[in-house]
Amino acid sequence: MSGAKRLSVSLILTVKDEAENIDDLMASIARQTHLPDEVIVVDGGSTDGTVARLRAWEGRLPLQVIEAPGTTISQGRNVALSRATGDIVAVTDAGVRLDPAWLERLVEPFSREGEQPDVVSGFFRADPRTLFELALGVTTLPDEEEIDGTRFLPSSRSVAFRRSWYLAGIRYPEWLDYCEDLIFDLRLRRAGARFVFQPSAFVWFRPRPSVRAFWHQYFRYARGDGKAGLFARRHAVRYLTYGLLVPLALSGRWPRVTQAAAAGALWYMRQPWLRLWRRRRDLRARDLVAAAALAPLLRFIGDVAKMVGYPVGLVWRARRYGLRATWRDIPEEPTSGSPAKL
């Protein structure tokens, strides 16, 4: 926009024990076609050399490293927001690498003519390095074609928003350890923020490398749902399916139930298999077949992890706020992490 004020941009993220990945992330920040005016990284108490690796980048990036041992992801992000000075705050996460045009495309809508957004929702693509990670990526991560941009709630591994919303009191929920970015999005929507979906602003996100890591990821996601009072119907359908419909189908007593369950299972797997089909030109035939065979098992493992994690979150919420409380009712507390150290 001619004559418009240039909007300054703060890029924030939190890390803990990311020495193996942090250099790739910092290098991808340095390669951005639109460099941030400041990069604020809050470390939650790394013991693997992450901080030393970060400080090696201080001369190459406008980088502030804040050591805040004991802080959660939400607390760390709020600490970073309290130090940010940009008109726009972009947020990403450890375990990703940024497309070179990510930040440029993410902040571009804020300078468009006409009605301007308050939040720009970026996207993320799977960055698998093994056959297992390929299968997990297509099982758990949607493709752009599947997204309804009007309803999409962005992950904080790829999002930007006006800092004025933080100054107005919108915070990441410090009582929640997982799904915190979803609650942040819902708070922004509830306050009237205007969202724009910008899928061309994407980061590469590596799926979990093992069944154990995947199990813990989905257990924690579901525990977060239980704590926040999210997706109760979705979880109820899962319990009904595995607790009643699957046993009835496997019993063989009612052939029509068995047939309907088989059809339902195929329908349940349609998206992972379709994602694999879209990638068929880039995959060897044996990898395509192996990933397709592995996807149902990963779906099952993820579902079981969710069914175990969700009631743990429900118990947590019942003890502290009562089961009727949801994220709308739980009061926010001031940043309670350990004192930050520059």
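I began with L244, which lies in helix 9, residues 232-251 (helices are DSSP runs of H or I with at least four residues, strands are runs of E with at least two, and both are numbered from the N terminus). I note that this is a predicted model, in which local features need pLDDT of at least 70 and side-chain atom pairs count only at pLDDT 80 or more, while totals for chains, interfaces and linings use all residues. Residues are numbered from 1 along each chain as its sequence is written, and side-chain values use heavy atoms, with hydrogens and water left out.

I looked up the exposure of L244 and found it partly exposed, because its relative accessibility is 41% (buried means under 20% relative accessible area, exposed over 50%, partly exposed in between, with a 1.4 Å probe and protein chains only). Together with L240 and L245, L244 forms a nonpolar surface patch with about 250 Å² of accessible area. Patch members have over 30% relative accessible area and no salt bridge, with nonpolar side chains (Val, Leu, Ile, Met, Phe, Trp, Tyr) joined within 5 Å and like charges within 9 Å; the areas come from the Shrake-Rupley method with a 1.4 Å probe, and for residues only the protein chains shown count as cover.

**Aromatic rings.** I then turned to the rings and recorded 13 aromatic pairs (rings of Phe, Tyr and Trp, the last by its six-membered ring, pair if their centres lie within 6.5 Å; planes under 30 degrees apart are stacked, over 60 edge-to-face, the rest tilted). One of them is the stacked pair of W175 and W316, at 6.4 Å centre to centre with 20 degrees between the planes. This pair links parts of the chain 141 residues apart, with W175 in the loop between helix 6 (163-167) and helix 7 (180-190) and W316 in helix 12, residues 285-320. Both W175 and W316 are buried. The pair of F202 and W204 is edge-to-face, because the planes stand at 90 degrees, with the centres 5.4 Å apart; F202 is buried at 6% relative accessible area, whereas W204 is partly exposed at 25%. I also noted a cluster in which ring pairs link F123, F124, F152 and F197.

W316 came up again, since the charged end of K227 sits over its ring, 4.8 Å from the centre (NZ of Lys or CZ of Arg within 6 Å of the ring centre and within 35 degrees of the ring normal). Likewise, the charged end of R77 sits over the ring of Y172, 5.2 Å from its centre.

**A residue in strand 1.** T14 is found in strand 1, residues 9-15, and is buried, with a relative accessible area of 8%.

**Salt bridges.** Finally I counted 21 salt bridges (a side-chain nitrogen of Lys or Arg within 4 Å of a carboxyl oxygen of Asp or Glu). Among them, D143 and R278 meet at 2.6 Å, N to O. D143 lies in the loop between helix 5 (131-140) and strand 7 (159-162) and R278 in helix 11 (residues 270-278), so this pair ties together parts that are 135 residues apart in sequence. D143 is buried at 9% relative accessible area, while R278 is partly exposed at 30%. Salt bridges with shared partners join D143, E145, E146, R275, R278 and R279 into one network.
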